[in-house]
Amino acid sequence: MTTAGLPRWVLVPALAGVLLIGVPVAGTLLRVPWAELPALLTSAASLDALWLSLRTSAAATLLVVVLGVPLALLLAWTDLPGARVVRTVVLLPLVLPPVVSGLALLTTFGRRGLLGRQLEVLGIDIAFTTTAVVLAQAFVALPFLVLSVEGAARTAGRRHEVVAATLGAGPTTVLRRVTLPLLAPALASGTALAFARCLGEFGATLTFAGSLQGVTRTLPLEIYLQRETDPDAAIALSLLLIVLAAALVIATQGRGRRRAGAR
Amino acid sequence: MSAAALSLDAAVPERGVHVELDVPAGRVVALVGANGAGKSTALALASGTLRPAQGDVWVAGRQVAGPGAWVPPHRRQISLCAQEPLLLPHLDAAGNVAFGPRALGTGRAQARQVALARLEEVGAAHLAGRRPRELSGGQQQRVAIARALAPEPRLVLLDEPLAALDVDAAAELRQVLRRALRQAGRTAVVVTHSLLDVLALADAVVVMEDGHVVEHGATAQVLTRPRSGFAARLAGVNLLLGEHAGHGAVRVGGDVVHGPGDDGPTGGAAAAAFSPRAVAVHREAPGGSPRNVLAVRVTGLEQQGALVRVRGESASGNRLAADVTPASLASLGLTVGEEVLFVVKAAEVEVYPA
């Protein structure tokens with residue numbers, strides 16, 4: 001094995017980095033109670049949590065794509081007034097502690113919140129509902145998609161779009177038939193990352209949506225709860241999330257490599 | 001109102017560009033000039049990717065840009081073919097060519113028919129089902145040309161369409177373009193740096209320098225009697241721009257060049273052009289038939305096919321070139337920086353009003 005001209009000692013910290021993540025994951029896998037796994041995963045509470053997580057994550061991801069793609073394209077290609085401020089605001093959830101995100105949502109959509117009061121008048125209650133779960137997930141996942149699509153759009157430039165316009169295609173046709181297909185790989189990996197982030201959302205959900213079985217208790221919340229009473233169930237559900245996360249990472253990486261190979 | 005396919009009289013002050021350009025329907029115009037002369041800006045003004053600060057743009061008698069008027073690119077019927085093919089990777093060749101007709105509302109089947117006909121026209125019918133990544137650079141550019149023709153635009157803009165190709169592919173594509181544009185009677189503006197492109201493709205040449213059109217005319221006229229430094233370089237001739245000095249002579253700074261004629265006006269702008277091959281290099285003035293003798297300092301030597309091009313600059317700043325054989329260069333023992341004489345027979349000099 002060669003180190004590409006790097007000093008050999010870089011292998012040591014690099015390996016330590018792999019172990020930092022690899023060992024705990026392996027430790028979890030070693031603790032999995034394989035024999036009881038089917039029963040643990042199919043308990044009513046587990047199935048409720050899994051089904052809720054998949055539904056809310058899918059809805060939140062859809063919301064993220066619908067809102068995030070136009071935002072990413074505007075940030076990449078136009079000199080939007082206040083673009084720096086907009087970008088900072090949109091990327092904030094990446095670095096914000098999720099509990100703070102949850103609190104922000106609660107103070108806005110809660111009963112006494114900025115919008116919550118008006119919504120309550122209309123008979124709409126958001127906090128501590130499944131809608132709150134979706135909003136919390138979309139809040140923290142949006143920046144992943146925006147970053148991915150904006151970067152790709154900036155790199156690609158608008159040259160294909162300019163040619164397509166001269167061929168007679170109006171802006172909407174160009175967006176649909178040129179921009180979106182060209183950005184499909186970045187859109188797919190951004191969507192996968194956003195979906196993964198939605199699945200893993202914990203802090204903002206707990207703060208803003210609470211933990212009600214079948215309504216707001218998603219997989220991560222269920223795991224946290226089971227950890228005290230039934231550690232085996234917690235481990236079993238963790239395995240499920242690890243497998244899902246690994247599948248999403250492999251899916252996004254595989255695409256990246258194929259593109260690199262085609263170049 | 002002009003009947004021209006394109007009539008451009010528009011300025012973009014922040015780029016220092018003010019272009020006046022007319023392209024008659026059915027003609028191919030070569031737009032030439034040094035990098036940064038404003039050629040790309042002229043194309044952008046025509047295609048509608050750039051809005052002029054002043055002036056207006058007309059396409060086939062319809063104002064598409066000007067005070068209070070604006071037609072976006074997709075409604076101008078002007079298609080663009082760039083240096084890179086920029087095909088859509090998710091569509092096959094036929095799908096790419098059908099893109100324009102489809103965008104304009106043509107049905108799927110008919111758009112495909114149009115696409116196949118255009119591919120046939122550029123000799124790429126057999127590539128119809130291939131994806132861009134399965135095509136060579138030259139094949140991709142053929143498809144891109146077919147795509148630009150497919151919506152039946154009033155005008156095709158080609159921005160250095162052959163510059164990214166190797167010599168052989170460029171030669172083939174040049175013939176494809178000659179058939180598809182000039183012989184088919186289509187209207188086009190071709191930006192190019194290549195004399196071969198100009199000769200093969202263009203009915204007329206427009207020369208830009210520093211953001212302005214400095215010369216325009218029929219291709220043969222511009223190449224044989226250039227009036228701008230760029231056109232002279234393109235045609236490969238020495239050009240001296242000055243004023244008539246009587247007796248068929250042109251005065252440029254401190255230099256006087258005589259043409260074959262013996263009479264002629266005095267005063268008025270005049271040009272003298274002669275081929276570098278007509279220039280002999282001497283250390284001492286020769287006698288004999290009427291000759292022009294210009295003292296120059298050698299500024300450079302470079303190989304030019306089987307000959308060596310000697311570049312020189314006269315005391316008054318005129319830059320001239322002489323093509324000599326390696327043998328005569330060796331016998332002269334010439335080096336850069338030396339003072340020599342460029343000698344050209346009056347009969348080899350063409351003098352004309354500039």
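Which hand does the crossing of H7(A) and H10(A) have, right or left? The legends below take up this question and others for a predicted model.

**Figure 1. Helices H7 and H10 of chain A cross in a right-handed sense.** This view brings together helix H7 (residues 130-156) and helix H10 (residues 184-200) of chain A, whose axes come within 8 Å and cross at roughly 160°. H7(A) and H10(A) are therefore roughly antiparallel to each other. Have a look at the H7(A) side of the contact, where you will find A:Gln137, A:Val140, A:Ala141, A:Phe144, A:Leu145, A:Ser148, A:Val149 and A:Ala152. Facing them from H10(A) are A:Ala186, A:Leu187, A:Ser189, A:Gly190, A:Thr191, A:Leu193, A:Ala194, A:Arg197 and A:Cys198. Sorted by class, the residues of this contact are eleven nonpolar, five polar and one charged.

**Figure 2. Helix H10 of chain A also packs against helix H3 of chain A.** Here the partner of H10(A) is helix H3 (residues 44-77) of chain A; the two axes come within 9 Å and cross at roughly 140°. That angle makes H3(A) oblique to H10(A). H3(A) passes H10(A) in a right-handed crossing. On the H3(A) side, the contact uses A:Ser53, A:Ser57, A:Ala60, A:Thr61, A:Val64, A:Val65 and A:Val69. H10(A) contributes A:Leu187, A:Thr191, A:Ala194, A:Phe195, A:Cys198 and A:Leu199. Nine of the residues in this contact are nonpolar, four are polar and none is charged.

**Figure 3. Helix H5 of chain A meets helix H7 of chain A at an angle of about 125°.** Helix H5 (residues 98-109) of chain A packs on H7(A) with the axes 10 Å apart. H5(A) and H7(A) are therefore oblique to each other. The crossing of H5(A) with H7(A) is right-handed. A:Pro98, A:Ser101, A:Gly102 and A:Leu105 of H5(A) touch A:Leu135, A:Ala136, A:Phe139 and A:Val140 of H7(A). By class, this contact has six nonpolar residues, two polar ones and no charged ones. For orientation, chain A has 13 helices and zero strands, and its C-alpha trace spans about 70 × 65 × 30 Å along the principal axes.

**Figure 4. Six strands of chain B form an open, mixed sheet.** Moving over to chain B, you can follow the strand order E7-E8-E9-E3-E10-E11. Strand E7 (78-81) and strand E11 (212-218) are the edge strands, each pairing on one side only. Neighbouring strands of this sheet are turned by 20° against each other on average, direction ignored. Strand E3 (residues 28-33) and strand E10 (residues 204-209) of chain B pair in the parallel sense over five bridges. One bridge to look for joins B:Val32 to B:Val207 in E10(B). Helix H1 (residues 39-47) of chain B packs on the sheet and touches E3, E7, strand E8 (155-159), strand E9 (188-191) and E10. The direction of H1(B) makes about 150° with that of E8(B).

**Figure 5. A five-stranded antiparallel sheet of chain B is open as well.** The strand order is E2-E1-E4-E5-E6. Strand E2 (17-23) and strand E6 (69-70) each have a single partner strand, so one side of each is left without a neighbour in the sheet. Two bridges join strand E5 (residues 62-66) to E6(B), and the two strands run antiparallel. Look here for B:Gly66, which stands opposite B:Ala69 in E6(B). H1(B) packs on this sheet too, touching strand E1 (6-12), E2 and strand E4 (54-59), with its direction at about 115° to that of E1(B).

**Figure 6. Chains A and B meet at a contact of 15 residues from chain A and 18 residues from chain B.** E7 and helix H2 (93-103) of chain B each supply at least two residues to the side of chain B that touches chain A. That side of chain B has ten nonpolar, six polar and two charged residues. The predictor gives the complex an ipTM of 0.85 and a pTM of 0.85. Chain B averages a pLDDT of 92, and 97% of the residues score at least 70.

Definitions and conventions: Residues are numbered from 1 along each chain as its sequence is written. Chains are lettered from A and ligands numbered from 1 in the order in which they are written. This is a predicted model: local features need pLDDT of at least 70, side-chain atom pairs count only at pLDDT 80 or more; totals for chains, interfaces and linings use all residues. Two strands pair if DSSP finds at least two bridges between them. Helices (H or I, at least four residues) and strands (E, at least two) are DSSP runs, numbered from the N terminus. Axes are lines fitted to C-alpha atoms, for helices over the stretch in contact, and angles run from 0 to 180 degrees between N-to-C directions. Two residues are in contact if their C-beta atoms, placed from the backbone, lie within 7 Å. pLDDT is the predictor's confidence in each residue, from 0 to 100. Angles under 35 degrees count as roughly parallel, over 145 as roughly antiparallel, 65 to 115 as roughly perpendicular and the rest as oblique. A crossing is left-handed if the near helix is turned anticlockwise from the far one by less than a right angle, and right-handed if clockwise. Ala, Val, Leu, Ile, Met, Phe, Trp, Tyr, Cys and Pro count as nonpolar, Asp, Glu, Lys and Arg as charged, and the others, Gly among them, as polar.
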